[in-house]
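Trainee: Can you go through this model with me, residue by residue where needed?

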Amino acid sequence: MDQSKEVNFVRITHELLNIEEVVQLVSCDDGGAVSSFIGTTRNNFQGKRVIELEYEAYETMAYKELEKICASIRMKWPVLKVALFHRLGVVPIGEASVIVAVSSVHRRESLEAVQHGIDELKRMAPIWKKEKYEDGSVWKGNCESCHYH
């Protein structure tokens, strides 16, 4: 694909994430597939009742890491458009905290790229979550390689 036509959408926001908006952003007439992953707040973790999640990020670095993830997707698969969105602040039960969406000509490329995108985001992005339980809360690193929070 001509690199001048590469389109990436990266957003880190305190606003509600909208899957329809993200799918619309990555959809295109020359693509035959749009694949997505939506990470939502569930109501339990290891037998504890979760009240909500709260996310913080080192935003400047997080944007850079998300852009690197877009580039790594493009190095591995011939995709058309890529979107990596992450929400910050309080994310109540049932709401989305992260959306990864990719369009491509064929389904395999977009499915594999989405898997890679969420795995790399969890591994590399300096984003942390606070899990709030009925009996207290705990901060957890979203970023497996970050050691500064």
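Trainee: Where does Glu6 sit?
Mentor: Glu6 is in the segment before strand 1 (7-13); helices (H or I, at least four residues) and strands (E, at least two) are DSSP runs, numbered from the N terminus. This is a predicted model: local features need pLDDT of at least 70, side-chain atom pairs count only at pLDDT 80 or more, and totals for chains, interfaces and linings use all residues. Residues are numbered from 1 along each chain as its sequence is written, and side-chain values use heavy atoms, with hydrogens and water left out.

Trainee: Next, Tyr63. Which element holds Tyr63?
Mentor: Tyr63 belongs to helix 2. Its relative accessible area is 31%, so Tyr63 is partly exposed.

Trainee: What does Tyr63 touch?
Mentor: Leaving out residues up to four places away in sequence, Tyr63 touches Val10, Arg11 and Ile12; contact means heavy atoms within 4.5 Å. The C-alpha atoms of Tyr63 and Ala125 are separated by 8.2 Å, and these two are 62 residues apart along the chain.

Trainee: And Ile69, buried or exposed?
Mentor: Ile69 is also placed in helix 2, and Ile69 is buried because its relative accessible area is 3%. Not counting residues up to four places away in sequence, Ile69 touches Leu84, Gly117, Glu120 and Leu121. Ile69 and Asp119 are 50 residues apart in sequence, and 9.7 Å apart C-alpha to C-alpha.

Trainee: How do helix 2 and helix 3 cross?
Mentor: The axes of helix 2 (residues 59-76) and helix 3 (residues 107-124) come within 10 Å and cross at roughly 150 degrees. Axes are lines fitted to C-alpha atoms, for helices over the stretch in contact, and angles run from 0 to 180 degrees between N-to-C directions.

Trainee: Which residues make that contact?
Mentor: From helix 2 there are Glu65, Leu66, Ile69, Ser72, Ile73 and Lys76, and from helix 3 Ala113, His116, Gly117, Glu120, Leu121 and Met124. The contact residues divide into six nonpolar, three polar and three charged. Ala, Val, Leu, Ile, Met, Phe, Trp, Tyr, Cys and Pro count as nonpolar, Asp, Glu, Lys and Arg as charged, and the others, Gly among them, as polar.

Trainee: Different topic. What is phi of Gln46?
Mentor: Phi of Gln46 is near 45 degrees, a positive value in a residue other than glycine. Most residues other than glycine have a negative phi.

Trainee: Where is Gln46 found?
Mentor: Gln46 is in the loop between strand 3 (44-45) and strand 4 (48-57). Gln46 is exposed, with a relative accessible area of 70%.

Trainee: Last one, Val138. Which strand is Val138 in?
Mentor: Val138 lies in strand 9 (residues 136-141), and Val138 counts as partly exposed at 34% relative accessibility. Apart from residues up to four places away in sequence, Val138 touches Lys129, Lys130, Glu131 and Tyr133.

Trainee: How far apart are Val138 and Phe9?
Mentor: The C-alpha atoms of Val138 and Phe9 are separated by 31 Å, and the two are 129 residues apart along the chain.

How values were computed
Buried means under 20% relative accessible area, exposed over 50%, partly exposed in between (1.4 Å probe, protein chains only).
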